[in-house]
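Please keep the sequence and the coordinates open while reading.

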Amino acid sequence: MTARRVTVPIFYLLLIALSLFHLMPIYVMVVTSLKPLDQVTLSEMWKLPTQLDFSSYVTSFEKLAPNFLNSIYLVVPATLLSALFGAMNGYVLSKWKFKGSDTLFTLILFGMFIPYQSILIPMIQFLREVQLYNTIPGLIFIHVVYGQPITTLMFRNFYAGIPDEMIESAKIDGAGFLRIFQHIMLPLSITGFVVVAIWQFTNIWNEFLFAVTITTSDQQPIMVALQNLSGSQIVQWNVQMAGALLAALPTLLVYIFLGKYFVKGLLAGSVKG
Amino acid sequence: METVQQTQSEFTLPVKRKRKLTKDHLLAIGFLLPSVILIAIFVYGFIAWTGYVSLSNWNSLVPDLSFAGLKNYIYLFNDFRFQSDLRNTLVFTILFIGFVIIIGQLLAVLLDQKLRGKSIFRNIFFFPMALSFVVTGVVWQWLLNPSTGVNLFLQKLGLELKWYTDTNILAGFKWGHIEFGIPVAIIAVVIAAVWQMTGFSVAMYLAGLGGIPDEVREAARMDGATEFQIYRKIILPLLQPITVSVVIIMAHISLKIFDLIYAMTGPGANFVTDVPGVYMFETTFRGNYYASGAAIAIIMLLSVAVFIVPYLISSRRGES
């Protein structure tokens with residue numbers, strides 16, 4: 001056990017060093033966002049503010065609030081709808097397998113790996129055609145469509161854990177497809193829905209490519225607005241850092257309170273589950 | 001397609017079984033059908049449409065779908081910017097995956113030990129995954145700003161790094177129109193990306209370590225192996241399938257990366273931090289070169305498919 005006396009401090013040293021690397025950006029974000037602009041000099045960026053100044057939060061909140069709301073209007077329906085589709089597909093693909101269902105599942109799954117650039121040009125043409133270009137419903141539609149592969153995967157893996165015997169005995173009792181879904185699968189799916197919803201919420205909130213190509217000015221979700229903040233002529237770093245924190249807050253809060261489910265989603269999303 | 005085949009094959013089954021299942025089977029198809037149609041159109045149909053656009057002359061605001069053959073592809077592969085993108089993507093992908101795997105394995109093994117405060121450390125490594133690449137880009141843009149950020153410390157060591165504004169190419173040699181090698185500026189982007197994604201591989205490896213039964217370690221200990229030997233000879237080899245998954249998932253993220261680089265550096269001077277994702281966005285939506293943009297998108301898709309298709313097929317086989 002003498003070996004442990006040497007190794008344990010080394011382990012801690014490594015963990016602490018890498019933790020500092022991971023926390024450094026957060027420290028700088030928080031510290032900078034609390035400084036007044038005249039204190040945000042390049043040479044003093046690591047120093048704590050001499051007095052707390054929340055004016056960057058006020059400024060960035062004023063600028064980002066409408067986009068923050070846009071993101072909420074986008075994320076809530078898109079998350080719920082894509083989760084529902086995922087549950088329906090996952091149920092069929094795990095408990096009502098048919099010849100070719102695994103191939104079909106693989107074909108659906110491919111959709112989550114494609115670079116979205118490869119569908120972006122037709123998508124914009126399509127959204128213009130149906131009058132959904134530059135609208136939040138247009139973005140909702142996109143996230144529901146391209147969210148299906150991951151939600152289907154998660155629910156399929158989740159439902160695979162529900163014993164087939166339960167389904168079989170329900171069938172013997174005369175329950176059909178819908179009743180089994182409604183009375184057996186859905187009540188057992190609460191964890192599944194939480195995991196999927198957290199995953200989709202985080203992904204859609206953080207998404208940028210669709211947001212920046214489908215929407216302009218007042219329809220833009222938060223991440224585009226944040227990016228625009230840095231595109232302005234004079235870079236007010238304190239406002240930008242406050243804005244970045246505001247934009248990150250919802251997903252950070254979800255992680256802090258429901259991190260366990262977030263990690264579950266991450267593992268479920270790595271295909272093998 | 002699949003559902004059509006399915007219903008046809010049902011007719012060949014014994015009539016008795018078919019009658020019993022008819023209603024439920026119809027409902028099952030009804031459950032799947034909306035998704036199947038949406039995926040068929042918006043994934044496969046749209047990819048085909050993009051492929052068609054990439055072979056056209058549509059390089060202005062006015063759609064012109066006349067056939068251009070491989071003109072756009074030939075143009076790209078001779079283009080200084082696209083050649084730079086290929087170099088940058090290759091270097092970025094290798095460095096990014098390398099660090100994510102090494103640091104991820106190291107941290108997972110450390111967090112697998114009996115140490116106090118493990119869950120705090122785990123959360124510190126995991127939380128950046130909940131952030132947007134845009135947030136990461138904005139923050140690291142400042143941290144790696146040459147006149148500030150981490151350079152304030154490095155200056156004391158006599159180092160004056162230019163980070164993402166550096167246009168030097170390490171180990172460079174002439175290749176096509178460009179200097180091939182490691183663009184120094186890419187390293188800045190790699191640091192930000194590794195910061196964000198290490199948690200992913202830590203989580204994967206920790207799950208893998210949790211799945212190794214204690215008996216395996218016990219048996220090795222009985223045979224007199226040291227803890228270090230147990231990890232090197234037994235545990236890490238057992239984690240190989242996880243490494244394959246992490247490499248493939250990271251590779252596909254890296255090959256299609258856009259938002260991090262767009263928010264952090266943009267294309268950079270002399271395109272030292274440009275990648276196909278950024279080029280596609282700018283040439284299509286800022287320059288209206290739709291056919292060129294479509295060609296870049298198709299090349300991106302093919303590069304991702306090379307990794308993903310075998311992975312999907314093998315994980316399906318592994319299941320059945």
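This is a predicted model: local features need pLDDT of at least 70, side-chain atom pairs count only at pLDDT 80 or more; totals for chains, interfaces and linings use all residues.

B:Ile169 stands opposite B:Pro183, a residue of strand E2 of chain B. Two residues lie between E1(B) and E2(B), and the two strands form a hairpin. In the turn, B:Gly176 has a positive phi of about 60°.

UniProt, in an unreviewed entry, assigns residues 86-313 of chain B to the domain "ABC transmembrane type-1". Over that range the chain is 68% helix and 6% strand, with its end C-alpha atoms 27 Å apart.

The unreviewed UniProt entry also lists transmembrane regions in chain B, at residues 26-49, 90-111, 123-143, 180-213, 234-255 and 289-313. How much of residues 26-49 of chain B is helix? The span is 100% helix and 0% strand, and its end C-alpha atoms lie 31 Å apart. Residues 123-143 of chain B, by comparison, are 71% helix and 0% strand, with 22 Å between the end C-alpha atoms.

An unreviewed UniProt entry gives the transmembrane regions of chain A as residues 12-34, 72-92, 104-124, 136-159, 180-201 and 237-258. Residues 180-201 of chain A are 95% helix and 0% strand, and the end C-alpha atoms of this span are 28 Å apart. For residues 237-258 of chain A the figures are 100% helix, 0% strand and 30 Å between the end C-alpha atoms.

Next comes the interface of the two chains. The size of an interface is often given as the accessible area lost when the parts come together. Between chain A and chain B the buried area is about 8,800 Å², and carbon and sulfur atoms give 78% of this. On the side of chain A, A:His22, A:Phe113 and A:Ile121 lose the most area to chain B, together accounting for 9% of what that side buries. In terms of residues, 90 of chain A are in contact with 90 of chain B.

What kinds of polar interaction cross this interface? The count of residue pairs in polar contact between chain A and chain B is 16, with both residues at pLDDT 80 or more. Salt bridges across the interface number zero by the rule used. Helix H1 (residues 2-33) of chain A contributes the most to the side of chain A that touches chain B, with 18 residues. That side of chain A divides into 64 nonpolar, 21 polar and five charged residues.

Over all chains, the structure holds nine salt bridges. One of the salt bridges joins A:Glu168 to A:Lys171, with the closest N and O atoms 3.6 Å apart. These two residues are separated by about one helical turn because they are three residues apart in helix H6 (residues 164-172) of chain A.

Technical notes: Residues are numbered from 1 along each chain as its sequence is written. Chains are lettered from A and ligands numbered from 1 in the order in which they are written. Side-chain values use heavy atoms; hydrogens and water are left out. Two strands pair if DSSP finds at least two bridges between them. Helices (H or I, at least four residues) and strands (E, at least two) are DSSP runs, numbered from the N terminus. UniProt positions are given in the numbering used here, feature names are shortened, and annotations may be inferred rather than shown by experiment. Contact means heavy atoms within 4.5 Å. Buried area is the accessible area (1.4 Å probe) that two parts lose on being put together, summed over both. A salt bridge is a side-chain nitrogen of Lys or Arg within 4 Å of a carboxyl oxygen of Asp or Glu. A polar contact is a pair of N or O atoms within 3.5 Å; within protein, one must be able to donate a hydrogen and the other to accept it, and residues adjacent in sequence count only if both atoms are side-chain atoms. Ala, Val, Leu, Ile, Met, Phe, Trp, Tyr, Cys and Pro count as nonpolar, Asp, Glu, Lys and Arg as charged, and the others, Gly among them, as polar.
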